[in-house]
Amino acid sequence: MAERSGVDEGAVEVDEVTRAVLTASRVLVAVSARSLAAVEDRVTLPQFRMLIVLSSRGATKLVDLAELLGVAPSTAMRMVDRLIAAGLADRRVNPRNRRETLLQLTDAGRRIVTDVTARRRQEIAGIVERLTPERRAALVAALTAFSEASGEPPAPEADEASGLHPLGWAQ
């Protein structure tokens, strides 16, 4: 590859794409923050992440939940205790192994996830509607390629019978 000012052309492309993705991520973080604003008196962002994992994975062991969130089990336990106190999650004995406890969402926890997801989807749809059809197609192709490169499975359709998955995380 040709070099420009001692910089490999491939590196310039990666830098340009990285900058564009970082800019888009700021937009998505802002959308996420606004979608959580209505429930910020009930849950923090880390707690909402936990609700999302429980929503997409179903009943989950604490150690698995901690691993999925990238936190220590003791941290996950404190978060779970707060969600249980708020009535958004609960514990139950694993019917397959009575020595294990499973954590799951309550109906109130599911409602929060559904409401926040609906607000997020609505705001993102409003942004996408401002794009031309050609740019929409290009965005789908680019974001699909980006997601595939990261190993992230595609988000479900908005009207799937299983309901909305907050960030498209697969079960």
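What follows is a short chat about a predicted model.

Visitor: What kind of model is it, and what are the ground rules?
Guide: It is a predicted model: local features need pLDDT of at least 70, side-chain atom pairs count only at pLDDT 80 or more, and totals for chains, interfaces and linings use all residues. Residues are numbered from 1 along each chain as its sequence is written, and side-chain values use heavy atoms, with hydrogens and water left out.

Visitor: How many helices and strands does the protein have?
Guide: There are 6 helices and 5 strands. Helices (H or I, at least four residues) and strands (E, at least two) are DSSP runs, numbered from the N terminus.

Visitor: What pattern do they follow along the sequence?
Guide: The pattern reads β-β-α-α-β-α-α-β-β-α-α.

Visitor: What share of the residues is buried?
Guide: Of the 171 residues in the protein, 25% are buried. Buried means under 20% relative accessible area, exposed over 50%, and partly exposed in between (1.4 Å probe, protein chains only).

Visitor: And the accessible surface, what does that come to?
Guide: About 11,200 Å², and 56% of that belongs to carbon and sulfur atoms. Areas come from the Shrake-Rupley method with a 1.4 Å probe; for residues, only the protein chains shown count as cover.

Visitor: What part of the contacts comes from residues 24 or more positions apart?
Guide: They account for 54% of the contacts with a separation of 6 or more. Contact means heavy atoms within 4.5 Å.

Visitor: Let's do helix packing. How do α2 and α5 cross?
Guide: Helix α2 (residues 45-57) and helix α5 (residues 107-129) have axes that come within 10 Å and cross at roughly 100°. Axes are lines fitted to C-alpha atoms, for helices over the stretch in contact, and angles run from 0 to 180 degrees between N-to-C directions. So α2 and α5 are roughly perpendicular to each other. Angles under 35 degrees count as roughly parallel, over 145 as roughly antiparallel, 65 to 115 as roughly perpendicular and the rest as oblique.

Visitor: Which residues meet there?
Guide: From α2, Phe48, Leu51, Ile52 and Ser55. They meet Ile112, Val113, Val116 and Arg120 of α5.

Visitor: What about α3 and α4, at what angle do they cross?
Guide: At roughly 105°, with the axes of helix α3 (residues 62-69) and α4 coming within 9 Å. That makes α3 roughly perpendicular to α4. In α3, Leu62, Leu65, Ala66 and Leu69 take part; in α4, Pro73, Ala76, Met77, Met79 and Val80.

Visitor: And Ala72, where does it lie?
Guide: Ala72 is in the loop between α3 and α4. Its relative accessible area is 38%, so Ala72 is partly exposed. The C-alpha atoms of Ala72 and Leu62 are separated by 9.9 Å, with the two 10 residues apart along the chain.

Visitor: New topic. How many salt bridges does the structure hold?
Guide: It holds 4. A salt bridge is a side-chain nitrogen of Lys or Arg within 4 Å of a carboxyl oxygen of Asp or Glu.

Visitor: What does Glu123 pair with?
Guide: Arg34, at 2.3 Å, N to O. Glu123 lies in helix α5 and Arg34 in helix α1 (residues 9-36), so the pair ties together parts that are 89 residues apart in sequence. Glu123 is partly exposed at 25% relative accessibility. Arg34 is partly exposed at 47%.

Visitor: And Lys61, which partner does it have?
Guide: Glu100, with 3.4 Å from N to O. Lys61 lies in strand β3 (residues 60-61) and Glu100 in strand β5 (residues 97-105), so the bridge joins parts 39 residues apart in sequence.

Visitor: What does Asp81 bridge to?
Guide: To Arg91, at 2.4 Å, N to O. Asp81 belongs to helix α4 (residues 73-85) and Arg91 to strand β4 (residues 89-94), so the pair ties parts 10 residues apart in sequence.

Visitor: Back to α1. Is Ser35 buried or exposed?
Guide: Ser35 is buried, with a relative accessible area of 2%. Its place is in helix α1. Leaving aside neighbours within four places in sequence, Ser35 contacts Val116, Arg119 and Arg120.

Visitor: Last one. Which residues make the nonpolar surface patch?
Guide: Val17, Val21 and Phe146, over about 260 Å². Patches are made of residues with over 30% relative accessible area and no salt bridge: like charges are joined within 9 Å, nonpolar side chains (Val, Leu, Ile, Met, Phe, Trp, Tyr) within 5 Å. Phe146 is found in helix α6 (residues 133-150). At 47% relative accessibility, Phe146 counts as partly exposed.
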